Amino acid sequence: MVMNFSELESLLLSWPDELPKVNPSNNPNEVVTAVAVLIRSQDFQAAENLLLSALSSDQSTLIYKWLLAYLRLRQNQLAAAQTILKSHINSQSNQEVPFILIELQLDLGSDSQANTNLDAVCLKIQACKFQSAFLELMAIGICLSVGDINQADVLIRNFKGPDCLELHRFKARWLQAVGRSKDALNLLISALKRFPNHKALAQQLTILTIETKSASIVLPTLRHALHYHGEAPEFLGPLAQVKLIQREPSLARRSSLLDRTWASLSCRKTNITNQITSYEQCGNVSWFPFLLPHLRDPLTAEFANFELMSNLCCQYASLQSKLSHQIANAFIPRLAKLPGVELHSSQEPTFKSADKDLRIAWISGDLVPHPVSRFLLSFLEKSNIYPQIKHVVVGTIDHKDQSIEQYFSELPNVNVINLEHQNVSDRIAYVKDQKLDIAIDLSGWTGGNFQAGFLARLAPIQINYLGYFASTNNPKMDYWLGDEQLFPNPVTEIHSENIQRLKRCFLAWEPSHHFPEATEAVTPAPNTNEIRFGSFNHNRKLSDSTLTLWGKILTSITGSKLVLKANSSFDDGTQLLLRRRMQRNGLDPASVIWLPLTATTEEHLRQYSQIDISLDCFPNGGCTTTCEALWMGTPVITLTGETYVSRMSTAVLFGAGLSEWCTRSPQEYLDLAIAQANNLSWLRMNRDFW
């Protein structure tokens, strides 16, 4: 007699160290046991071979067919499982439990975490008159999928089945949902030690380490997954994200393209943002107007992806492309229909009387050692002379251990709040409860932005400032704040906000004592005979026109070198792509000195000792890099353009009293580089001047 389903279920939910050792014979019971053990051990190929062999000699054993359908589910072959179910299994037989399980799992997809056909599955579970650990687990998965955290907790605590891996995975999802991410990580790490070759478990843990920014365990977890599973589709997205963080964009691009290839074969969704960002960091920004044009169609499903649309707005804006405004104008009406936005957007702003304290919110997704936070912190540290002004620093992303929110919290008259774990409606309500007079957007369309909140009117006055280099096109954003250099008169670029020009530089650079640049000494000059130009800007800013002009400079000045640093030295592919672009644009790669990325900020700052003169990029110029270069003793040559993104270095140089380093044409840029090369001795002796 072949084993009953409860015995089989016990095998299929066992930990590897609980599985029996089997030596299958022709006995159907032993064959079923062996197949179940192989499936649970993740040895799907061996299970398939044994099962097909058994079926070839005995088509009458129904449980073989159920196991084959179950195996196809575990292999993500849903259509094959459906075919087996319809062609070979009579669901009215006395084997009702396994059949209903197959039907339920087909409704859900290959994993009970899937969020499809949940209502139909719930009805089927409720109609069942038998007990099964699989059914209990499915019910937990459904509760988690629909966000019923309390009911999921009840089902987990009352689970009658064995202490199985699936229960641990659901517990981890519940822990993450209630804000106990560290407990979720510890639970999954413990489970992976006991079940090291379980692919879905490794995928869940890998994604969780990235989402929780658990820097110390991301790489070990990903290496573990790749060791056991190779470049399986489940790990290509996380691998691309990690490679982007490691500044290895060509490897990220490879992973993202493989991911999209697999997705096209299986109708699986993938993170296209990884691909876009990898192209950007490889320096292929000129491709963007021609890359994935269907993403710009408001009728496509991708157009509802907030992260993706924000990324595209940002990328096109850096190219000074009108496509940025087209996407924003088409996407903003979608934001306006979000429940939280609709609820608040009709409310008119209320202005306070002049004798009340002024409340200003600074809203950013970058409360880490990011340029925006560094500028903001140094400003707020100096603003205590105005006690009647109360500042609220609002973080939209919880950066965990990397956060610098505590630096802001230490300041008088500054309150810090974080909104990451709230939905859009609650975020808006919470910020509005702060009774603000002014809300300042420091993100624009960059990561972690809160455009939905500004669309719902967070304060009577709303300002686009500092963190974004273009207009937001948000109709509720009142002003775009800059200075007389950022905004030429008249402003020719498209903008929806009113232009406000400060009479001084739009930012201030006096680094906070929390950051190494506050105390790091001016670097010595290069100890070489030839002049060294350099740029520490990202590859995405190294346009073809920039490379062409730099090539002319090096050709015009005998023995001159160009010092670059933008990506990891472990990423040969990115440097190969950049060398090819250099050659096409007349810049000899042999004249380039490649500096490695550094482990610390101090080491990074000291690398300015390799440069005599910094060269700004165009049309997408620097800002923080320009401040940093001057701070470390290196003057900067910039080419002033017509738009904000091409005038930030100009604003910094004018603010520093160095307007003569701003040029108006490529020829002026070249002439200034040659003239300063002839002034090399003075430059090297007077680095403190800058």
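Is the crossing of H2 and H3 left-handed or right-handed? What we're looking at today is a predicted model.

So, the overview. The protein chain has 690 residues, and 55% of them count as buried. In terms of secondary structure, we've got 30 helices and 13 strands. The C-alpha trace spans about 95 × 65 × 45 Å along its principal axes. And if you take the contacts with a separation of 6 or more, 65% of them come from residues 24 or more positions apart.

Okay, back to the opening question. H2 and H3 cross in a left-handed way. H2 covers residues 28-40 and H3 covers residues 44-57; their axes come within 8 Å and the crossing angle is roughly 160 degrees. Anything over 145 degrees counts as roughly antiparallel, and that's why H2 and H3 get that description. Who makes the contact? On the H2 side it's Val31, Ala34, Val35, Leu38 and Ile39, and on the H3 side it's Phe44, Ala46, Ala47, Leu50, Leu51 and Ala54. Sort the residues of that contact by class and you get 11 nonpolar, with no polar and no charged ones.

H24 brings Leu549, Trp550, Lys552, Ile553 and Ser556, while H29 brings Pro666, Tyr669, Leu670, Ala673 and Ile674. The class count here is eight nonpolar, one polar and one charged.

Let's stay with helices and look at H28, residues 648-655. Six of its eight residues are buried, so the rest of the structure largely encloses this helix. The buried ones are Met648, Ser649, Thr650, Ala651, Val652 and Leu653. What's sitting over them? The cover includes E6 and H27, plus strand E12 at 636-639 and strand E13 at 662-663. After H28 comes Gly657, with a positive phi near 75 degrees.

One more helix stop: Pro371, which lies in H20, residues 371-381. This proline counts as partly exposed, at 26% relative accessibility.

How many disulfides does the model have? The count is zero. The cut-off is a pair of cysteine sulfurs within 2.5 Å. Take Cys314: the closest cysteine sulfur is in Cys313, and at 8.6 Å that's too far for a bond. Cys314 is buried, by the way, with a relative accessible area of 16%. Cys623 isn't in a disulfide either; its nearest cysteine sulfur belongs to Cys627, 5.2 Å away. Cys623 is buried too, at 11% relative accessible area.

As background, most peptide bonds are trans, and most residues other than glycine have a negative phi. So where are the exceptions here?

Start with the cis bonds. One joins Asn489 and Pro490, with omega about 10 degrees. Pro490 is in the loop that runs between strand E6 (479-483) and strand E7 (498-502). Another cis bond joins Phe618 and Pro619, where omega is about 0 degrees. Pro619 belongs to the loop between strand E11 (613-615) and helix H27 (624-631).

Then the positive phi values. Lys213 isn't a glycine, but its phi is positive, about 55 degrees. You'll find Lys213 in the loop between helix H12 (199-211) and helix H13 (215-229). Lys213 is partly exposed, with a relative accessible area of 27%. Asn413 also has a positive phi, near 65 degrees, again without being a glycine. Asn413 is in the loop between helix H21 (405-409) and strand E3 (414-418), and it is partly exposed, with a relative accessible area of 26%.

That's my tour. Happy to take questions.

How values were computed: Residues are numbered from 1 along each chain as its sequence is written. This is a predicted model: local features need pLDDT of at least 70, side-chain atom pairs count only at pLDDT 80 or more; totals for chains, interfaces and linings use all residues. Side-chain values use heavy atoms; hydrogens and water are left out. Axes are lines fitted to C-alpha atoms, for helices over the stretch in contact, and angles run from 0 to 180 degrees between N-to-C directions. Helices (H or I, at least four residues) and strands (E, at least two) are DSSP runs, numbered from the N terminus. Angles under 35 degrees count as roughly parallel, over 145 as roughly antiparallel, 65 to 115 as roughly perpendicular and the rest as oblique. A crossing is left-handed if the near helix is turned anticlockwise from the far one by less than a right angle, and right-handed if clockwise. Contact means heavy atoms within 4.5 Å. Ala, Val, Leu, Ile, Met, Phe, Trp, Tyr, Cys and Pro count as nonpolar, Asp, Glu, Lys and Arg as charged, and the others, Gly among them, as polar. Buried means under 20% relative accessible area, exposed over 50%, partly exposed in between (1.4 Å probe, protein chains only).
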